[in-house]
Structure formats: C-alpha cells, structure tokens
Amino acid sequence: MSALLEVSGISVTFDGYKAIRNLSFEIGECELRAIIGPNGAGKTTFMDIVTGKTKPDEGKVLWGEMSRNLLKMRESKIAQAGLGRKFQRPTVFEDQSVEDNLLMALKNPRGAFACLFYRPSKADRARVGELAEEVGLADQLSRTSGELSHGQKQWLEIGMLLAQEPRLMLVDEPAAGMTLAEREHTTDLLVNLAKTRAVVVVEHDMEFVRRLNCRVTVLHEGSVLAEGSLDHVTKDPRVIEVYLGR
Amino acid sequence: MRQSFIARNPSILIFLLCLAVFTLAVTSMSHAMGAGVISTSFVKTLGKTLCLCLVAIAMDLVWGYCGILSLGHFAFFGLGGYMIGMWLMYARTEIIVAESLANAAIPPTPQEVVDAIGTQIFGVVGSSDFPPIWQFAHSLPAQLALVVLVPGLLALVFGWLAFRSRVTGVYLSILTQAMTLALSLYLFQNESGLRGNNGLSGLQNLPGVSASQDWVSLWFLWGSALALGLGYVLCAWVVSGKFGSVIRGIRDDEARVRFLGYSVEGYKLFIFTFTAIIAAVAGALYYPQAGIINPGEIAPIASIYLAVWVAIGGRGRLYGAVIGAALVSLVSTWFTGGMVPSLPLGFYTVDWVDWWLVLLGLSFVLVTLFAPKGIGGLFDLLSRRREVDQ
C-alpha cells in the first residue's frame, strides 16, 4: 500500500517544551488508524501540524502521489488538497441552518467570486440530502444548528467533513460526550467511511478504539511508542507502563 | 422549497417601500415644490442622513456580518468626498475665472487661466500651483472614477497588509484607527495639496447649474435615496447566499472556515474593499450637500460614531444599521443644534449641546449590556410574539 501521508522526523518546541520529538509515521490510502496516547502525548499538536495550523521546527510532511510538502501550504490549500479535520469540541456554525452548514462544506469552488454567484444546483441539494441522511440529520436540515444536541452537532461536523470529500479525515475524539447509542452509531460511521478514504481517529478511550478494530499508533511524549493491532500494543510493556504506571 | 432572492428577504421590499414613501413625502413638502413645510437646509440634513445610512450599511457588512471591527471606514467616506470635491471646486472656479477674464483687453492664454484658477483655489495656503494630485480635477468622469479607485485601492493595500499578517480583533481596530488618524493628520498639512485645514469648500454650488439650492438639495436627496436603495439591495444580495454563509462563518469561527478550505484572508479583503467603496460613494454624495469637507471630518472619532450607530441599530441586519444611523444622527442634530431646551435641576442646568455626548455614550453602554441586538432586536420580539399568537 502506498503512503497517502508521510510524516518524517518532525519536532516542535513550545517555549522550550518539546511537544513533538522526531515523530515519523505513514498512513496508507483507505486506511483506518487510531492514534492513542495519554494527555500531552502530542496528539493534537500532530493534527495542528498536518493541517497547517502549527509549523514544526524541523521535519517533513509529504502528501499524496506527488509527495507535495504540506508544510509549505496554507491551511485553506491543505484542506483543498483533500485533508479534512474534525475538532474535538464540535465546531459548527451555530447561527446557520444545518443545510447552510453542509452547503458551505460541499466540495465546490472556494473563491470569493465563485461563492458570490453560487446558487445551489439540484445535484448539490441532493448531495446535501444524502449527507444529512448518512449522519442521521435528514429531518433537521432547516433547523439552526445551534439548537442541535451535542451528539447531533458532532455528526453534523462529520457530515461537513464528508461534504468536503477529503482523502484523509483527521477526527479528534469523536466519541467525547456521546451516549452509548451515539457511540455505536459513530463507530459504524467511521468504519464505513474508511472503506473509501483514509481515516485517522485520535482517541484516548480504549474501549472505543477496540470497536474500531484497526491498526493503532501509541504516542508518548511526542514520538511513536508502539504500533500494531490493539492487542499487540496493549501487551507492550512500555505501553502498559505509560498507561498504568502513573 | 427554493424561492427567489426577494421572496426570501421580505425586509428588502419593506425597506424600499419606506424609502420611496419617505423620499416622496419630503419632496412634496419641500420649498422647491412650493409647499415649504420642510426648509431647504432640512432637506439637506435628510439627504445627508441617507448617505450616513449607506455608510452604516457598509459598516454593518464589514463588522456585523464579517466580524471585522473596522474603526476607519470614515476615512474612505471622507476620501470619496474629497475626490468629488476636487472637481466641484475646480470646475466652479474655472467658470468664475473665465467670467472675470472675459472682459480683459488681451484674451488670456490657457496657462494664464490655469494659473488664475490655481491662485483662487490655493491662495489660502499661500500657493498658486496645482499639486500633481489635481491632474484630473478638470474632468468629472475622471474624478468620479477616482471616488471609487482611491479609497478602493487604499482599502485593498491596507487590508492586504493587515489580513495577510493575520491581524485580528482589537489589534485590527487599533490599526484602522491609526490609518484614519494618519490620513487626517496628513491632510491637515498644507503640503498635502488639498488645502490643509481649510479643506474644500463651496461644494454645494454645482458648476454650470443655475438652479436654486431648493432644487439642488432635492436632486441630491433623490440621488442619495437611489444610492441607499441600490446599496441596500446589493448588500442584501451579497449576504444572502453562500458568500454570506462564509463571511458569517468567518465572524463566528475563523479557523474552522480555514479548515473547510476557504481562504479567509481573501474573503476579508474582498469585504473590506467592497465596503470601503460603498463608504466612498456615500461620502461623494454627502459632501456636496454639506458644502464643505476638511480633514476634521475623518478624525478617528467619526469612525467610532459609525460603529456606535450600527451597534445601537443592531448588528448583523442591514435595516438595523439604517435605523441606528438615521435615528442617532438625526437626534444628534436635534440635540447639538441647540433646539432642545436646557434642563434646570436647581443646582445645575443640563445644557444638551454639551450633555448629548454623555447621553449617547450612556445609551451605547446600555444597548451593549442589555440589548446586544440593538433596536433591530425589537423586530425579533415582535415576530416571535406573532408566532406565539398563531
């Protein structure tokens, strides 16, 4: 499997604190991967680097067949290249309707003038309907998204991510604050999505990761501690020490 | 499910209707129509108020919708006024000079005519030479183009530098204040070529037009009403579609919009420049009615007033900006015009000319604290009550 995203030797220091040290790993096309690690392991910083929010001190982040260097691109260009991100806290545009939120995310020209003259086509409306169906919000399209429940907001955000048609989705703690039923729905959704694109889930809930049933990367103090199946990494004595030793 | 743009925004029709009724009412009651209920100077005040409403709409677009608290949009308003003022002054002085030289024994050379105009205009600042920026002052089309181009270009360059460096929030507000202050201070200098603190005057006299001010004031009222109507529809259209969604998204969560793949800087620059141009057009209509423009007009405080109007009227809705600008500026004219009787308290007499600012400041604080949606928020209460009744 060829690598879709290749992170090699990145390091970041915030005010003398090394958040990421010499981190390297690869994610393949259509791969589902979970990244786990205790607080402060560098999970969120890793996502910030890949999406262009934070610039690392050294290292390379290469993307796709052309091996484009993501570190030289701005956030909006990285997103257009096919890298989507879901935040830990659900971030949807609360005073706009579910439909407007999805329309905004839909993969269409992103320029100011293109948007000024944009009017949703039949195909776009149909696609919004499909997406809403997929994330279970079909009957909520005209609602203001600020009125949705916490779990519904999470799904709306996943729906917006899908609307972008990314090749790689970075999903930060998707199950946080969800009820058991909502968690199961989310697990199914993510496993399904990974059939057609790469999905990276950052999570520290082991039970949730077990249900995803995928390859796991354990981060600790800003670098990879172990990698493999969940059973494999949970038997690793170093992982046990990091998770249980303190 | 899909409706036309007007049908989705019923407030547009209501607004246009109100504007048309207002304009017709003022016209029929004016001196020019022989009614004389409304004095010519008050027609001018109303015409100017319409221009202030237009610049308030621009402010609402940039602040209320896109979340950029620009405290410098009056600079663009003033520049628009200066650009049209240059032509008005030049063309009118040219006619006066031509008349006075008409009876000269030897016909004057073109250079002599230009020199005479220069002496007339720049005598007050001890000069008679035209600075290079007056290059196109003889041409109305050129100066009209400059009304749009000069403020537009300033906004484009300023915005590009500020947004590219990701200056946001209060820092951007301070930067825009600095811009308008710097421009004002520069124009105060005689060397700026725009007559320093004298500014441009006599702008109410249209060159080559012999009609009385009764009529001129009406023309400008109509022109201002037309500009406000068009500006309102244009802005409503801009914020109605996906573009509107994106800029409101930028206001609420800039980083999220970026991760959706939109170039936030490009959108901000577009809105900043677009609203600067609207402000400039409003200024170009305002100052011929005011008759004079000087650098004091674009002092930092003017742009702050603009923000206060929009806040009191209600941000994020265009009619809110119009209500705020019209109400506050008219009430301000009333209070500062000395028409309000002083309030004797026995130990102290409240003179409203001085105390009006305190009243304005107080209402701004009260609106911000207790009615963040401003006067426009009252319409929400009304429509909600109707929903409950049904």
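**Before you start.** The model is predicted: local features need pLDDT of at least 70, side-chain atom pairs count only at pLDDT 80 or more, and totals for chains, interfaces and linings use all residues. Residues are numbered from 1 along each chain as its sequence is written, while chains are lettered from A and ligands numbered from 1 in the order in which they are written.

Stop 1: Select chain B. Chain B has 15 helices and 4 strands. Both are DSSP runs numbered from the N terminus: helices are H or I with at least four residues, strands are E with at least two. The radius of gyration of chain B is 23 Å, close to the 21 Å of the globule rule for 390 residues, so chain B is as compact as a globular protein of that length. (That radius is taken over C-alpha atoms; the rule is 2.2 Å times the number of residues to the power 0.38.) Along the principal axes, the C-alpha atoms fill a box of roughly 85 × 55 × 55 Å.

**Stop 2: two crossing helices.** Select residues 300-313 of chain B, helix H12, and residues 318-336, helix H13. Their axes come within 7 Å and cross at roughly 115°. (Axes are lines fitted to C-alpha atoms, for helices over the stretch in contact; angles run from 0 to 180 degrees between N-to-C directions.) Now show the residues that meet. From H12(B), they include B:Trp309 and B:Ile312; from H13(B), they include B:Ile323 and B:Val328. Contact means C-beta atoms, placed from the backbone, within 7 Å.

Stop 3: (Strands pair if DSSP finds at least two bridges between them.) A:His220 stands opposite A:Ser223. The hairpin has 2 residues between its strands, and A:Glu221 in the turn has a positive phi of about 50°.

**Stop 4: where the chains touch.** Show both chains.

Notes
Two residues are in contact if their C-beta atoms, placed from the backbone, lie within 7 Å.
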